[in-house]
Amino acid sequence: MPTPDLFLQGIDNGWQVHNASLLENDLQLDVDIVIVGSGAGGATSAERLSAAGLRVLIVEEGPLRTSSDFKMQEPAAYTELYQEGMGRMSKDGAITIMQGRAVGGTTLINWTSSFRTPPATLKHWASEHAVSGLDEDTLQPWFLRMEQRLGVTPWQIPANANNEVIKRGCEALNLDWAVIPRNVRGCMNLGYCGMGCPINAKQSMLVTCIPASLDHGGSLLYLARAERLIIDKDRVQQLECHALDTWGVKRTGRKIMVRAKHYILSGGGINTPAVLLRSKAADPYQRCGKRTFLHTVNFSAAQFAEPVNPFYGAPQSIYSDHFQWRDGVSGPIGYKLEVPPLHPAFAATIFGGYGEVSAQRMAQLPNTHMMIALMRDGFHPDSASGNVELRSDGSPVLDYKMTPYTWDGIRRAYHSMAQIQFAAGAQEVLPLHDDAHYVNNLNSARAMIDSLDLSTYRTRLGSAHVMGGCAMSEDAKLGVTNSLGIHHQLENLSIHDGSLFPTSIGANPQLSIYALCALLTEKLLQRLVG
Amino acid sequence: MPHPANSVEFSRRSFLKLSAASAATLSMLSLSAGLTGCSSEQASNGFSVLRSDDIIFLSALLPVLYSGAVNAQQMRANLQTTLPAIDKNLASLSPSMLQLTLQLFDTLNNPLTRGPLTGIWGAWSKASAADIQDFLKRWQHSRFDLFKMGHNALLQLAMLAHYGQPVAWQHCGYPGPPRLH
């Protein structure tokens, strides 16, 4: 039986959902709350604010795509659902940044891993970044609430062969591993979370908080880019938005001006600081866009005798934090080990190379396992970090600079991954680096890894987690907002998204964003309606 | 895997003599190409972004990139579907990323920049597979980020488009998405 398209049904039943690309005239709107961005932060906030009876408008620059559009095809997904048509990368072009851009934001295309913010991260924020009131105990009920809301539970079905490698390798080496909690209901274990869930099993914002907000009279305007806030003294007066064409690429020329009692930016890392930069919002300590983090990822491939079929099954279900905290919070950089799903187009681009080399690697795809290490950036002063800048057309770009401290983590992670892969029975291992090749034993892998020239472009790097850039801190010299997510200089402006994080999270960030924003919204409501 | 250090070293050395001047020239030329309207040529018939020169360049480059994955007899037919796939991917890029990509193509197509920067002194359509491999090596091992970035961008563009298509899946043993109903 075909999956009912709940979103289209909602529109048929009278939801206030509007496509800005169709506007023939400029528009002026008046609401209680306008939220820029419909991802984890924006939609979580919208649900609660709508339920409290406030008139809420969500503005989303991406298109609306719903379950009946999701055909599990890479080209359509990448061009329609990802920032800059999957062309988003660090300013130097060395790190591909996978970030969602559609109604539902990155929750529409993430791989569903749902971790609570590690207690060590929260303690570090309190002690080093003057964040107050966000300790483990305070957040605990909010994690619980969002986990229940989004069906987060450790994955019950056996891991696919790609994930199983982490478990098998770690067990053989006596390293820590665990099952990943996922936000799904009725998941069929397909493996296409990154292309939009075709059966509405993933509890993304598209099927949870956005519908709830719309059910309570909220409204959604998509294909509308928040250009800038119009600011007078210490208050935002209006939000100026530009309508985009059907493809979400070019402006149509129509403008939408939104007047609200309170403004919430939820565009995520990179886009939220960009709105503030374009608005020339007061930033006396030059904090906006600074300290943006990526959980920069490196890759290690392995060949197995048995088929792995890394394109099928829940993409992420097993992880290892063995190397994440063992040197302390701010010792040598820690990293989390996970796997990515490997569909052909994605696989071919990260393998690199061309001609016979690429053809050979791709011919082995069904027997290929891939592991990734996510660098826990931002906890040490020597960590790699990025600054958001505006290009001449006002669009943002992240200037992220690798450092020797972070490269050291990349090299250690290559070693850890090769070790686990061989322990799990890999026949051959390949660190994804221009100068590396498949080797059939750990000693050769170790020698090769030690000899690699770890530099940008030669080392394959990626990111799917953009965090920071509008850090929260009670100290205005350290952050853009206070610990309530309220802008230090603008009293009617909040930020509710991952750009608030003073460092990276040290775990896939979606649940951290949900819980934090649910809590911040509750506090905002108390302030707005008493 | 063979490691052609000698030939790389050779091309690197000969390239370095040119590259200091060339990096500056590259940005100047792509700028002047823009100003004089050279790069404002319309997209080719049936394409939204790719211009006729881009298609000539890609038609020379792609068979080298896909060799081993696509056999010689099927290469022409493959380009018929891959070029539109690349065009579609480019059309969905943000305006600034598209502009960067078109500047890269301008540099590759403009005879004034192509020779010194790529080592391809004649037309792309006349370049041999070995010439194109030399060009790719030269950019991959350049001292300048701009060329390394260009090298990676060309490979990614090509691989993303090719392996996104069902015609490429037999080679990589991908049965395609499951049937749901």
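1. A:Lys233 sits in the loop between β9 (224–232) and β10 (235–244) of chain A, where helices (H or I, at least four residues) and strands (E, at least two) are DSSP runs numbered from the N terminus. A:Lys233 has a positive phi of about 55° although it is not a glycine, and it counts as exposed because it has 9 C-beta neighbours inside 10 Å. A residue is buried if 20 or more other C-beta atoms lie within 10 Å of its own, exposed if 12 or fewer, and partly exposed in between, with C-beta atoms placed from the backbone.

2. This is a predicted model, in which local features need pLDDT of at least 70 and side-chain atom pairs count only at pLDDT 80 or more, while totals for chains, interfaces and linings use all residues. Residues are numbered from 1 along each chain as its sequence is written, and chains are lettered from A and ligands numbered from 1 in the order in which they are written.

3. A:Glu84, in the loop between α3 and β4 (95–97) of chain A, also has a positive phi, near 55°, in a residue other than glycine. Is A:Glu84 buried or exposed? A:Glu84 counts as buried, because it has 22 C-beta neighbours inside 10 Å. As background, most residues other than glycine have a negative phi.

4. A:His487 belongs to the loop between β21 (467–468) and β22 (493–495) of chain A, and it is buried because 25 other C-beta atoms lie within 10 Å. Leaving aside residues up to four places away in sequence, A:His487 touches A:Val480, A:Thr481, A:Leu493 and A:Ile495, contact meaning that the C-beta atoms of two residues, placed from the backbone, lie within 7 Å. The C-alpha atoms of A:His487 and A:Ile264 are separated by 9.9 Å, although these residues are 223 residues apart along the chain.

5. In chain B, helix α2 (residues 52–66) has 15 residues. This helix, α2(B), bends by about 25° at B:Ser59, with the proline B:Pro63 following within four residues; the bend is the angle between axes fitted to the seven residues ending at a residue and the seven starting there. The buried residues of α2(B), among them B:Phe57 and B:Leu61, pack against α10 (355–363) of chain A together with α3 (72–91), α4 (95–109), α6 (129–140) and α7 (145–163) of chain B. Just after α2(B), B:Gly68 takes a positive phi of about 95°.

6. The contact between the chains takes 39 residues from chain A and 37 residues from chain B. On the side of chain A that touches chain B, α10(A) gives the most, with eight residues.

Technical notes. The expected span of a helix is 1.5 Å times one less than its number of residues.
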